[in-house]
Amino acid sequence: LFCNMEYDQDGSEFPLKRQNNTLPIYGNKETMNLNSMLLTNIRASPYFKMDLFELKTFHEVVDEIYYKVEHLEPWEKNSRKLAGQVGMCAGVRGVGAGGIVSTAYCILYKLFTLKLTRRQLKTMLNHHDSPYIRGIGFMYIRYCQPPFDFWDWYEPYINDEEEIDLKAGSGYTIKIGEVVRTMMTKLDWFGTLFPRMPVNVQRELEDKIRVAKQTMRLTESAAAGEQQDQQGWEEGNGVEYQNGEEEEEGRDNWRTKKTRELPEEALRERSKEKSRERSQDRHRDRSRERDREKERPRVRDRSKDKAQDRSRDKDRQRDRSRERKSRERSRERQRSSSPLNRSPPKGRIDARSHSKGKRRGNSRSRSHERSNKSPKERDRKRSRSRERHHRSSSRGRH
């Protein structure tokens, strides 16, 4: 299998991942996500319409950057008049009257119209002739590349030491590593705005930058410790230099020039010390990462919480139904055990029901006989009963 190779400006080659050479465009494919006022000034600029219109290839535009670009601000110095603006629009990004748009932004939009490829953009980022070629390449990534790819593009250049002057009229010289970190963490860029990125991507980039800064501090402290050990060994072994120039060269290239003069035992001790320091640094990094993971707030899944709540509700309903059933059973047992609710034996129930049935039958037969008798017979019976009653009462008196 053969992998694609790309050549740096100094002729050294480095392997590339197998990726499509065409770059995706994030956001608006016509405006490059630029501010509307800035875009109208670029398109109306005579420099963009006349001079840049004649440039047809990528290499010609790169040469134009080398000869013409002197800063990375969107507007030329003292070209915007903000004194007449009043109220909410005073000094706001691109609101109100514009000024003379800068050469850097005109060339940036020209590169957008050329539709750069992945290899062309990487050659700009690794260019050694001018820092402004690299700066415009980083701006191209920030304006029209997906935010999810920012770390892959910017990570190799986070600690870049090359200096660049960003402001018009000079006076604001910083390192390219700081420029890259600013583009990943901030939106404001000299009065205009970069495109917004998702919140989760921005937080992830901030965490990665924080970790990169800590590792850089550790490496710097380790390098300072190595220099002190080197100076102490030189003083202890009496290593001297003939003049100041050789001394500086020897301190800069001490490993390459003076390792041959050192004895084997000293070299072994130095290698052991370096391995110990590296293991200690790794142990510190791991412990710090563990502490960060512990400090991070654990985000619980809402779906799991809902499922747990539902299961708890079901369990509660089951418990309540069981309690109700047990209560009903206990009440029934108490009712059955009470003497008032005891049922009499079967024999008594049958005798009582039989006697009641007889009484009802006799009463029914008497009433039936009374209803069948005539009124004369009834009067006779009444008179007889009265006579009997009179006789009995008279006998009792005598």
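**Note on packing, rings and loops**

1. M32 is buried, with a relative accessible area of 0%. Here buried means under 20% relative accessible area, exposed means over 50%, and partly exposed lies in between (1.4 Å probe, protein chains only). M32 sits in the loop between strand 2 (13-15) and helix 1 (36-44). Helices (H or I, at least four residues) and strands (E, at least two) are DSSP runs, numbered from the N terminus. The phi of M32 is near 65 degrees, a positive value in a residue other than glycine. Most residues other than glycine have a negative phi.

2. Basis of the note. This is a predicted model, where local features need pLDDT of at least 70 and side-chain atom pairs count only at pLDDT 80 or more, while totals for chains, interfaces and linings use all residues. Residues are numbered from 1 along each chain as its sequence is written, and side-chain values use heavy atoms, with hydrogens and water left out.

3. K115 also has a positive phi, near 60 degrees, and is not a glycine. K115 belongs to the loop between helix 4 and helix 5. K115 is partly exposed, at a relative accessible area of 40%. Its charge lies over the face of F112, 4.2 Å from the ring centre. The criterion is NZ of Lys or CZ of Arg within 6 Å of the ring centre and within 35 degrees of the ring normal. K56 gives another case: its charged end sits over the ring of F53, 4.2 Å from the centre.

4. Look at the aromatic residues next. The structure holds 11 aromatic pairs. One of them joins Y105 and Y143, edge-to-face, with 6.1 Å between centres and 85 degrees between planes. Y105 is in helix 4 (residues 103-114) and Y143 in helix 6 (residues 131-144), so the pair ties together parts 38 residues apart in sequence. Rings of Phe, Tyr and Trp (its six-membered ring) pair if their centres lie within 6.5 Å; planes under 30 degrees apart are stacked, over 60 edge-to-face, the rest tilted.

5. Both tyrosines are shielded from solvent by the accessibility criterion: Y105 is buried at 0%, and Y143 is buried at 1%. Ring pairs also link Y105 and Y143 with Y172, W189, F190 and F194 into a cluster.

6. Now S130. This serine is in the loop between helix 5 (118-125) and helix 6. S130 counts as buried, at 6% relative accessibility. A polar atom of its side chain lies 3.3 Å from the backbone nitrogen of Y132.

7. On cysteines, how many disulfides does a search of the whole structure find? The search finds 0. The cut-off is a pair of cysteine sulfur atoms within 2.5 Å. C106 counts as buried at 1% relative accessibility. C144 counts as buried too, at 1%.

Conventions:
Polar contact = N/O pair within 3.5 Å; in protein donor to acceptor, adjacent residues only side chain to side chain.
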